[in-house]
Amino acid sequence: MQIHIEPISKSRIDQVDFDQLAFGRSFADHMLVAEYANGAWQSVKIQPYGPLEYQPAMMSLHYGQSIFEGMKGYRGKDGSIQVFRPEENWKRFNKSAYRMCMPEVPEEIFLGGLRELLKLDQAWVPAKEGCSLYIRPFMFATDEYVGVTPSTTYKFIIFNCPVGSYYSKPLRVRVETEYIRAAKGGVGFAKNAGNYGGSLFATQNANKDGYDQIIWTDAATHQYVEEAGTMNLMFVINGALVTAATGDTILDGVTRKSVMQIAQDWGMEVQERQLAVKELIEGIQNGSVTEAFGAGTAAVIAPIATIGFEGKDYDLPERKDSDFSVRVYNEINQIRLGEISDTRNWVWKV
Ligand SMILES: *Cc1c(COP(=O)(O)O)cnc(C)c1O
């Protein structure tokens, strides 16, 4: 498929302070825009990042056919541009699309288009330690129609944000036992926009009570832990890595998958299973739960310091350099930057 390129006349890169990058507030010069109509992808363009015009009756605004992905590009030690496992994001994007009755995006548009876009916007990939280019592919329904039915036209867009190092101080999280993120038979496994809108209220309530994030529990009983905000949730219990198995309600995270693979390669036991809140709290109290952390592209690993449950706070042990979560973060970081050899073939070169 031919990609039509309309380059910017003047880069905006001088206006961005690369020493003070807030997450998701700066946008690279170009974006990729592909249009779907009449049962096929019609055109793929790379054009200056900027506003698009739509009708008030655009269906995605009303009925939520809107999905996205998130991955990161890095500047390797040798200056080359590379992306961490984007094929996994492409596959997951198409699973989300299928569930939301949207067309699949072919590899040549998703990954082929990304390659061309990154070639043009290379200068926007920060070189500074800990910084990266956050890549945001998304697709939404564009029919002008008031009616609940799948749209017949869609736009697929990719834009990029240079982002700073995402230092997250160990989090205070609260176990949520009233609101839910996902239920069996629902769309929790898909990265569709509505999941995130629906999660805001519970998170806002937790923020008011002094917690950074919430731990979602299962919709039916609220007895089992599922995810931490928009990250997968992982624990080290009696030396084993424990995380919820994927299914309708768990997002199949690329970071989660990578952490599990490294743990296995290091000879650590990995358990994908239900974890009861009760077992978790007892485990923190008796010392068998030694680490708790979120796993996701933005922070990679977000350590958890405190878990609140039924009005009481339970503290995890202080973090040490020998912790699994610290070592696995360093391993992933070194693979991404090309500092150690990529034996698992995770790095995708532009
Ligand atoms: C994106 C996301 C994750 C993490 O997935 P990664 O592929 O590791 O970035 C976890 N949970 C939810 C709900 C998410 O949306």
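Guide: Let's start with a term: a polar contact is a pair of N or O atoms within 3.5 Å; within protein, one must be able to donate a hydrogen and the other to accept it, and residues adjacent in sequence count only if both atoms are side-chain atoms. Here, a polar backbone atom of Thr230 sits 3.4 Å from a nitrogen atom of the ligand.

Visitor: Before we go on, what kind of model is this?

Guide: It's a predicted model, where local features need pLDDT of at least 70, side-chain atom pairs count only at pLDDT 80 or more, and totals for chains, interfaces and linings use all residues. Residues are numbered from 1 along each chain as its sequence is written, and side-chain values use heavy atoms, with hydrogens and water left out.

Visitor: Which residues are closest to the ligand?

Guide: We call a residue near a molecule if one of its heavy atoms lies within 4 Å of it. The ligand has 14 residues around it, the closest being Lys191, Tyr196, Glu227, Thr255 and Thr297. Look at Glu227: one of its polar side-chain atoms is 2.5 Å from a ligand nitrogen atom. Val254 uses a polar backbone atom instead, 2.8 Å from an oxygen atom of the ligand.

Visitor: Okay, what are the domains here?

Guide: Domain bounds come from an automatic or database domain assignment. That assignment gives domain 1 (4-163) and domain 2 (171-336), and their C-alpha centres lie 28 Å apart.

Visitor: How many residues are in contact between them?

Guide: Contact means heavy atoms within 4.5 Å. By that rule, 21 residues of domain 1 touch 21 residues of domain 2. There are also 12 residue pairs in polar contact across the interface, both at pLDDT 80 or more.

Visitor: And how many salt bridges cross the interface?

Guide: A salt bridge is a side-chain nitrogen of Lys or Arg within 4 Å of a carboxyl oxygen of Asp or Glu. The rule finds 1 between domain 1 and domain 2. Glu88 and Lys257 form a salt bridge, with their closest N and O atoms 2.9 Å apart.

Visitor: What about the whole structure: how many salt bridges does it hold?

Guide: It holds 20. Glu35 is in strand β2 (residues 30-37) and Lys155 in strand β8 (residues 154-163), 120 residues apart. Strands (E, at least two residues) are DSSP runs, numbered from the N terminus.

Notes:
Helices (H or I, at least four residues) and strands (E, at least two) are DSSP runs, numbered from the N terminus.
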